Amino acid sequence: MAETDPAAAHDDTERIALTANPTAVRTALSDLRAHWRRTRLDPALGDRAEQVLAEVLNNIVEHALAGCRNGVIRLSVAHRSGELNVVVRDNGHAL
């Protein structure tokens with residue numbers, strides 16, 4: 001019989017796909033903040049994560065996806081045991 005990892009059974013992963021524009025970045029960050037409040041993420045960690053993600057997402061919009069009409073950014077943000085694991089993917093140009 002396989003054992004189930006209780007942490008794996010409770011998935012606090014937020015997945016967001018957004019178009020590459022500043023308005024969508026602001027909306028995604030706001031959605032993440034709401035998700036973190038619901039999952040009781042430490043507010044100080046949420047503040048730092050929001051700053052880092054704002055910089056990453058805005059750089060993607062300004063540089064990797066500049067002029068791309070169908071630019072998409074995908075985020076996967078997992079909150080477990082007081083830590084965040086963030087994966088950011090986009091269909092833009094390599095820097």
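## Overall architecture

From the N terminus on, the elements of the chain follow the order α-β-α-α-β-β, which amounts to three helices and three strands. Helices (H or I, at least four residues) and strands (E, at least two) are DSSP runs, numbered from the N terminus. This is a predicted model, in which local features need pLDDT of at least 70 and side-chain atom pairs count only at pLDDT 80 or more, while totals for chains, interfaces and linings use all residues. Residues are numbered from 1 along each chain as its sequence is written, and side-chain values use heavy atoms, with hydrogens and water left out.

The chain averages a pLDDT (the predictor's confidence in each residue, from 0 to 100) of 86, and 87% of the residues score at least 70. Over residues 1-10 the pLDDT is below 50, and this stretch has three contacts in the model beyond near neighbours in sequence. Where pLDDT is low, the predicted coordinates should not be read in detail.

Of the 95 residues of the chain, 33% count as buried; buried means under 20% relative accessible area, exposed over 50%, and partly exposed in between (1.4 Å probe, protein chains only). Contact is defined as heavy atoms within 4.5 Å. Among contacts between residues at least 6 apart in sequence, 56% join residues at least 24 apart.

The table sets out two of the helices; the expected span of a helix is 1.5 Å times one less than its number of residues.

| Helix | Residues in helix | Expected span | C-alpha to C-alpha, end to end |
|---|---|---|---|
| α2 | 17 residues | 24 Å | 25 Å |

The buried residues of α2 are A24, V25, A28, L29, L32, H35 and W36. Seen down the axis of α2, these residues fall within an arc of 135 degrees, so they line one face of the helix; the arc is that of the directions from the helix axis to the C-beta atoms. An α-helix has 3.6 residues a turn, so residues three or four places apart point the same way. The face of α2 turned away from its buried side carries the exposed residues R26, R37 and R38. The cover over the buried residues of α2 includes β1, α3, β2 and β3.

Following α2 comes R40, which is placed in the loop between α2 and α3. The phi of R40 is near 60 degrees, a positive value in a residue other than glycine. R40 is exposed, with a relative accessible area of 72%.

## Strands and their pairing

Two strands pair if DSSP finds at least two bridges between them. β1 and β2 pair in the antiparallel sense over seven bridges, and eight bridges join β2 to β3, which also run antiparallel. L75 in β2 is the bridge partner of I16, and L75 stands opposite V88 in β3. The hairpin of β2 and β3 has two residues between the strands, and in this hairpin S81 takes a positive phi near 50 degrees.

T13 lies in strand β1 (residues 13-19) and is buried, with a relative accessible area of 14%. Its side chain makes a polar contact with the side chain of R80 (3.2 Å). A polar contact is a pair of N or O atoms within 3.5 Å; within protein, one must be able to donate a hydrogen and the other to accept it, and residues adjacent in sequence count only if both atoms are side-chain atoms. Leaving aside neighbours within four places in sequence, T13 is in contact with H35, S76, V77, A78 and R80.

V72, in strand β2, is partly exposed, with a relative accessible area of 26%. Beyond neighbours within four places in sequence, V72 is in contact with L18, L65, R89, D90 and N91. V72 and R89 are 17 residues apart in sequence and 8.4 Å apart in space, C-alpha to C-alpha.
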